[in-house]
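Good morning, colleagues. Please have the view open before you.

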Amino acid sequence: MAAKKSLADYQREYEEIIFADRPKRDMLLVGLMKEMEKQFKIPMPRNKEWEKKNPEISAMYRKLVITKSL
């Protein structure tokens, strides 16, 4: 199993991904989102209680979602 990443690691990967061409960028973002969902046990659908307990993780995940939809 891969070593756990910190939020800073996810941020660094995000900063590299955003410069990729759109189809590749979206694919890489989805992969990063799935990693975060597993590592941080992000509930689907997300709920307000979980987001209040995990604001930094929630904010990073939301950034990935927003960037993917642009």
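**Overall form**

Along the sequence, the pattern of the protein chain reads α-α-α-α. There are 4 helices and 0 strands, where helices (H or I, at least four residues) and strands (E, at least two) are DSSP runs, numbered from the N terminus. Please note that this is a predicted model, in which local features need pLDDT of at least 70 and side-chain atom pairs count only at pLDDT 80 or more, whereas totals for chains, interfaces and linings use all residues. Residues are numbered from 1 along each chain as its sequence is written, and side-chain values use heavy atoms, with hydrogens and water left out.

Taken along the principal axes, the C-alpha atoms of the protein chain fill a box of roughly 35 × 30 × 15 Å. A compact globule of 70 residues would have a radius of gyration near 11 Å, and the protein chain agrees with this, at 12 Å. That radius is taken over C-alpha atoms, and the globule rule is 2.2 Å times the number of residues to the power 0.38.

Of the 70 residues, 29% count as buried, meaning under 20% relative accessible area, with exposed being over 50% and partly exposed in between (1.4 Å probe, protein chains only). Among contacts (heavy atoms within 4.5 Å) between residues at least 6 apart in sequence, 60% join residues at least 24 apart.

Which residues of α1 are buried? They are Y10, Y14 and I17. Seen down the axis of α1, these buried residues fall within an arc of 65°, so they line one face of the helix; the arc is that of the directions from the helix axis to the C-beta atoms. Their packing partners are α2 and α4.

Helix α4 covers residues 55-69, and its 15 residues should span 21 Å at 1.5 Å a residue; the end C-alpha atoms are 21 Å apart, which agrees. The expected span is 1.5 Å times one less than the number of residues. Buried in α4 are I57, S58, M60, Y61, L64 and T67, and the buried residues of this helix pack against α1 (7-17), α2 (22-40) and α3 (48-53).

**The core**

A nonpolar core is a set of buried Ala, Val, Leu, Ile, Met, Phe, Trp, Tyr and Cys residues joined through side-chain atoms within 4.5 Å. In the largest one, which has 14 residues, M36, I42 and L64 touch the most other members. Two or more residues come from each of α1, α2 and α4, and α2 gives the most, with 5 residues. Not counting residues up to four places away in sequence, I42 touches M36, E37, W50, I57 and Y61.

L29 lies in helix α2 and is buried, with a relative accessible area of 0%. Neighbours within four places aside, L29 is in contact with Y14, I17, L64, T67 and K68.

Beyond its neighbours within four places in sequence, E51 contacts R46, S58 and R62. The side chains of E51 and R62 are joined by a polar contact of 3.4 Å, that is, a pair of N or O atoms within 3.5 Å; within protein, one must be able to donate a hydrogen and the other to accept it, and residues adjacent in sequence count only if both atoms are side-chain atoms.
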